[in-house]
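Please look over the chain below before reading on. This report walks through some of its contacts, strands and surface.

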Amino acid sequence: MSSTPYLFRELLRSLSLGSWALAALAVGALALALQLVAVGSLLREPRSAAPREELIAVPLGTLSQRELAEVHQRLAEDPDIAGVRFRFPQDPRGEALGYYRITLHEGISPDTVIERLVGWGVFERVEEPQPEPKGLVRSWAESPQGRWLLLGGMLAIAGLALGLLAASLRAAERSFRAERKLLELSGVDPAVIRRPFVLLGGLYAALGALLAAALAAVEGAWIASNPSGLGLKRVLPELFEKGAFVRLGVRALLLGIPLVGIGAGLGQLLARGAYRYPSPRSRSRISSSSSGESGEPSDPDRDPSNAERPSSASAPKSPGP
């Protein structure tokens with residue numbers, strides 16, 4: 001079995017309760033940061049203008065259902081009109097009867113059609129569709145001061161989330177300290193010890209991205225069951241557009257891809273700072289000094305024992321018998 005999955009499993013087993021709590025806090029902060037960045041990108045998108053080939057025709061409130069059907073048939077048979085749909089009002093305080101959504105053929109002047117439809121005498125008003133009013137948050141974000149504050153707030157939240165991620169990895173390193181000492185004594189390669197922390201940092205980031213996407217799905221379901229949004233529609237009407245939360249979830253997942261790399265890089269850096277083995281040159285000097293040897297090649301000419309010992313060539317010859 002590969003050593004990396006085994007060490008990663010041992011790293012997870014060594015995490016204390018405080019490390020798990022800090023990890024959960026980091027994952028939640030990452031999910032919140034991803035959601036806020038996704039909402040900020042949604043606010044920075046240019047708003048689509050109302051198409052010039054469409055009209056809004058509001059019928060008189062005195063018309064019966066039969067008369068409304070006759071007006072619908074008459075609009076459908078008009079040569080300048082490509083399509084017509086009757087829509088009921090979403091706001092109960094608006095028109096009780098709803099309105100006709102009219103699509104004109106390309107190249108037809110809306111002013112000409114408006115003048116003709118008003119002459120029928122069955123419409124309260126006929127006009128081109130107006131863009132939806134801006135929400136409070138978007139109006140603030142599009143101001144010069146709000147633009148910089150929004151960018152600074154997004155960077156601050158992202159920095160706080162990354163700081164919590166780094167703190168959770170440091171807590172994991174402290175929990176794994178006893179196992180690390182055993183690995184050091186066993187002579188395990190430092191790169192092998194760092195790999196579990198790389199996986200742990202990437203795992204925390206991936207969980208944050210998945211949590212952000214799950215929260216977007218839950219929020220979308222809540223908005224669908226509460227159309228009024230408890231006043232949220234006035235603040236962020238962009239969230240009530242069709243498919244808004246789907247786009248938020250997809251963007252959170254896409255932003256989570258580089259975040260996984262950042263989390264893995266943090267794990268690599270923190271583990272690299274924690275596990276610094278001496279270099280081979282330093283180890284050779286340490287082993288040499290511990291054994292009482294200099295570690296350098298000895299020179300027989302500089303050996304004091306050799307200097308005191310006379311050579312055989314210069315030794316005086318003993319007198320013969």
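## A salt bridge across the chain

The side chains of R116 and D78 meet in a salt bridge, with 2.9 Å from N to O. This pair links distant parts of the chain. R116 sits in helix α4 (residues 110-118), while D78 is in the loop between α3 (65-76) and β2, and the two are 38 residues apart. A salt bridge here is a side-chain nitrogen of Lys or Arg within 4 Å of a carboxyl oxygen of Asp or Glu. Helices (H or I, at least four residues) and strands (E, at least two) are DSSP runs, numbered from the N terminus.

How covered are the partners? R116 counts as partly exposed, at 29% relative accessibility. D78 is buried, at 8% relative accessible area. Buried means under 20% relative accessible area, exposed means over 50%, and partly exposed lies in between (1.4 Å probe, protein chains only).

## What kind of model this is

This is a predicted model: local features need pLDDT of at least 70, side-chain atom pairs count only at pLDDT 80 or more, and totals for chains, interfaces and linings use all residues. Residues are numbered from 1 along each chain as its sequence is written, and side-chain values use heavy atoms, with hydrogens and water left out.

## The chain as a whole

The chain has 12 helices and 4 strands. Of its 321 residues, 33% are buried. The chain exposes about 20200 Å², and carbon and sulfur atoms supply 60% of that area. Accessible areas come from the Shrake-Rupley method with a 1.4 Å probe; for residues, only the protein chains shown count as cover.

Contacts tell us about the fold too. Take the contacts in the chain with a separation of 6 or more: residues 24 or more positions apart account for 76% of them. Contact means heavy atoms within 4.5 Å.

## More salt bridges

How many salt bridges does a search of the whole structure find? The search finds 8. One of them joins R13 and E10, with the closest N and O atoms 3.5 Å apart. Both residues lie in helix α1 (residues 3-14). They are 3 residues apart, about one turn of the helix. R13 is exposed, with a relative accessible area of 58%. E10 counts as buried, at 19% relative accessibility.

R177 and E173 form another salt bridge through their side chains (3.4 Å, N to O). R177 is partly exposed, at 34% relative accessible area. E173 is buried, at 13%. Elsewhere, salt bridges that share partners join D78, D80 and R116 into one network.

## Strands side by side

Strand β3 (residues 99-104) is mostly covered, as 5 of its 6 residues are buried. β3 pairs with β1 in the antiparallel sense, over 4 bridges. In this pairing, I56 stands opposite R101 in β3. Strand β2 (residues 81-87) also runs antiparallel to β3, and 6 bridges join the two. There, G83 stands opposite T103 in β3. Two strands pair if DSSP finds at least two bridges between them.

## E54 and R101

E54 is found in strand β1 (residues 54-59). R101 has its place in strand β3. Is E54 buried or exposed? E54 counts as buried because its relative accessibility is 14%. R101 is buried as well, with a relative accessible area of 17%.

A polar contact of 2.8 Å joins the side chains of E54 and R101. A polar contact is a pair of N or O atoms within 3.5 Å; within protein, one must be able to donate a hydrogen and the other to accept it, and residues adjacent in sequence count only if both atoms are side-chain atoms. Leave aside neighbours within four places in sequence, and E54 is in contact with R101, I102, T103, E128 and P129. E54 and H105 are 51 residues apart in sequence, yet 9.1 Å apart in space, C-alpha to C-alpha.

## A nonpolar patch

L203, L207, L210 and L253 form a nonpolar patch on the surface. Together they have about 330 Å² of accessible area. Patches are made of residues with over 30% relative accessible area and no salt bridge: like charges are joined within 9 Å, nonpolar side chains (Val, Leu, Ile, Met, Phe, Trp, Tyr) within 5 Å.

Which helix gives the most to the nonpolar patch? Helix α8 (residues 190-225) does, with 3 residues. L203 lies in helix α8. L203 is partly exposed, with a relative accessible area of 33%.
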